[in-house]
Structures are given as structure tokens and as C-alpha cells.
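Hi,

Here is the structure I promised to pass on to you. Have a look at it first, and then read on for what turned up in it.

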Amino acid sequence: MYADRIKHLPPYLFAAIDKAKQEARAKGVDIIDLSVGDPDLPTPQHIVEALARAAMDSMNHRYPSYEGKLAFRKAVADWYRDTFGVHLDPEKEVLTLIGSKEGIAHAPLAFINPGDVALVPDPAYPVYRTAILFAGGRPAVMPLLKENGFLPDLEAVDPKVAKEAKLIFLNYPNNPTAASADRAFFRQLLDFAIDNEILIMHDNPYSEIYYDDRRSYSILEIEGAKEVAVEFHSLSKTYNMTGWRIGAVVGNADAVAGIGKVKSNIDSGAFGAVQDAGIAALRSSKEVVDSIRKVYQHRIEILASALQDHGMRLEKPRATLYLWAHVGQDSIAYTESLLEETGIVATPGVGFGQHGEGYIRFSITQPTERIEMAAERLERMRAA
Ligand code: MLT
């Protein structure tokens, strides 16, 4: 029945984990779900209220525009200017997405012909690789190793593969390793892409989830980036809006137009009322995200100490919602026994690719008291 395209595809990582969670719950286990990066904090009230108002507007009941409301795209451009000092033309350099996952999954259809090579990191958000495969492309893996700060070693990419590659997916602050990239790395990446005529697709949903006041970057801050790069952004993690499905792709105008052409043939745009609420989100005061960061930072302190005491090796992240812990053994078996013994659900590193083997990812998107409870359960397991 199935096309080859999905025949050998493993189940989507987080769908598979959902199944394990349901089974544990059915057995009566009080699970603490630290698997998916899905903020537990509610969407700020002013955004919810903006949605309620916008839902009453009958103009929003009709088909939205394919590229998104200009007012939303302007709000994205203003946010990029205020956050990163990056100037974008809202008409040509910003396209609304139904969440960034949707845009990432569709984008390669605009640039990859069957058999074309695309560079993807490993470990990585699984959608990059799948999106290349769906477009008929050949993913070429760039390992993200601890000794390189979980950055790809661009000099180690086979020059023949680099010349063949049409696009490259990357994501810093990184999911799942929680690594950050500095401006020097982005400069090196741009030079590599320019030399090899590769389109960069930088996925940046975690840019605002940083700690110790060390902000993260947009690749578009680097001179010349618009020539070769687009960046995917999402309101999901910054404003606790994973359920709303709203994001944008920005940057190189031709690439944005290509993605728009694909999308106009697939979907009919994001719900207008969600875009109106998105404008309210993007115009939020700085305090909104500052207070969210404080909550996460406290949770990281609690969980990082508990995992370290438990014998896992990890660095406290500078950004993201994740702790990437080295356990040095089969990550699926480890997460299974962790669930069995403590009720804690984490994500096995191998789910993000073979170079994630030996690691487990923990998300801090559960209420602080549940994270404290997870720390206590780990302590009890160690003492037993
Ligand atoms: C994750 O846990 O890796 C993310 O929440 C998945 C996503 O953003 O789709």
C-alpha cells in the first residue's frame, strides 16, 4: 500500500515516545514527561486575548493569504530589527508558516531534485533528514561531536560532497545538544556556503531561550548572509505557543519565494486570527520572555545537578530547553529502564541520529515542582 518514501521511515520520534508514555500511564505510572520540548507555561494572557478578539472578526473566517498577512510579516520584520538588528523587507523576505516544522518539511521541495545532495547534522531534529528524503534528495551527514562543541567540522566535509550539496540544514542554539554557535562559526559557515554555492537553512526557534544574559544570534546578522541563507523562526518556544502553529521563514528573497510557491500549492495559509495573535506576541514587552527565561534557568540548575549526581556527564546549557546528558550506553535501553525505575520520560539520543547514541535528552518543560520530583526520584534510585 505504502510508497517507498514512507516504507522505511521510522515512526516520528516523538510519536513513538507518545506511545511509550501512554503504555506507562495505562499501567498507572505517574510519569514525569521530560521528553518533548513543549512549554508547560501558558501562552501569555495578552496573546490569548488578542486571539479571542481576532476570532470574532469575520474577515478571519475566510481563506487567509498564502504568504501571510502583511501586518504579521511586518511584525516579524520589526521583531528581527529589534532583536538582532537585521533589516528585512516584509513583502519579499518574510513568509508566514503554519509553524516552522511545516516550513522546514516543505522547503526542500523547492530546491532539491531527485538525487541531489543536502548536508544535515547528526544528531539533529529528525525533520531535516526526512524533508530531504521526501524531496528525493540524498542526505549527507555532518557529525556533531562533543570535541567540536557539537558544531559540524566544515573542513572535514568531503570537498566533492560540498560541491555537490544544494543545501545545508543547521540549528543553533542546537536541538538536541543544547550547544550554541558564536559569530565566528556563522562566518565560517557562510564562507563555506558561498564557496560551494549552498543554500543555508538555519532553524532558530530557540534564539530567545538563553541564559546568563548571553544572547543568541540570527545567522542574518552576519554580513552577506542574505545572499545564501534563510532562517526559520517560530513563536512556539519564545511565547509558549507550540499548539498555535505559527512561524516564519525569512532571508534570501528568491529562496523565500521558492518556499512560498511550494506552499501555495499545498496549504492555504495560517489562520488569520492566529496571525493577529502572533502580532501581539511579537510586540510583547521584553519582560515577558525575561520572566520565562528565569523559570527555565532555575529548572536547569535543579535538573543538571540531579543528573550529574546520578553520574551523567553534561554541561549546563547556555541556551535551549534541553540538557544533553552522556550516559555512555545504549540510549534506548537506558531511557526504558529510567522510565521503569523512576517514571521519568526522556528522549534517547539515538532518536536524533546515530551520533546521538550514548546520550539522553531531557527537556525542562514541566512545572518546577515536577522537575524537583524528578530530581528526588533520581536520588532515590541512586540510593537504592
Ligand atoms: C523537540 O522536543 O525536539 C521539539 O519540541 C520538537 C518540535 O519542535 O517539533
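Before the findings, one term: a residue counts as buried when its relative accessible area is under 20%. Please also keep in mind that this is a predicted model.

With that cut-off, helix α11 (residues 272–282) comes out as mostly covered, since nine of its eleven residues are buried. Among them are G272, V274, Q275, I279 and L282. What do the buried residues of α11 pack against? Their partners are α3 (45–55), α4 (70–84) and β2.

Strand β2 brings us to the sheet. Seven strands form an open sheet with mixed pairing, in the order β2-β8-β7-β6-β5-β3-β4. At the edges sit β2 (94–97) and β4 (138–143), each pairing on one side only. On average, neighbouring strands here are turned by 20 degrees against each other, ignoring direction.

As a reminder, strands of a sheet pair through backbone hydrogen bonds, in either a parallel or an antiparallel way. For a parallel example, look at β5 (residues 165–170) and β6 (residues 199–203), which are joined by four bridges.

- Helix α10 (residues 253–264) lies across β2, β6, β7 (229–234) and β8 (247–251), at about 30 degrees to β2.

Enjoy exploring it, and write back with any questions.

Best wishes

Definitions and conventions:
Residues numbered from 1 in each chain as written. Predicted model: local features only at pLDDT ≥ 70, side-chain atom pairs only at ≥ 80, totals over all residues. Heavy atoms only, no water. Pairing = 2+ DSSP bridges. Helix = DSSP H or I, 4+ residues; strand = E, 2+ residues; numbered from the N terminus. Axes fitted to C-alpha atoms, helices over the stretch in contact; angles between N-to-C directions. Contact = heavy atoms within 4.5 Å. Buried < 20%, exposed > 50% of the residue type's maximum accessible area, 1.4 Å probe, protein only.
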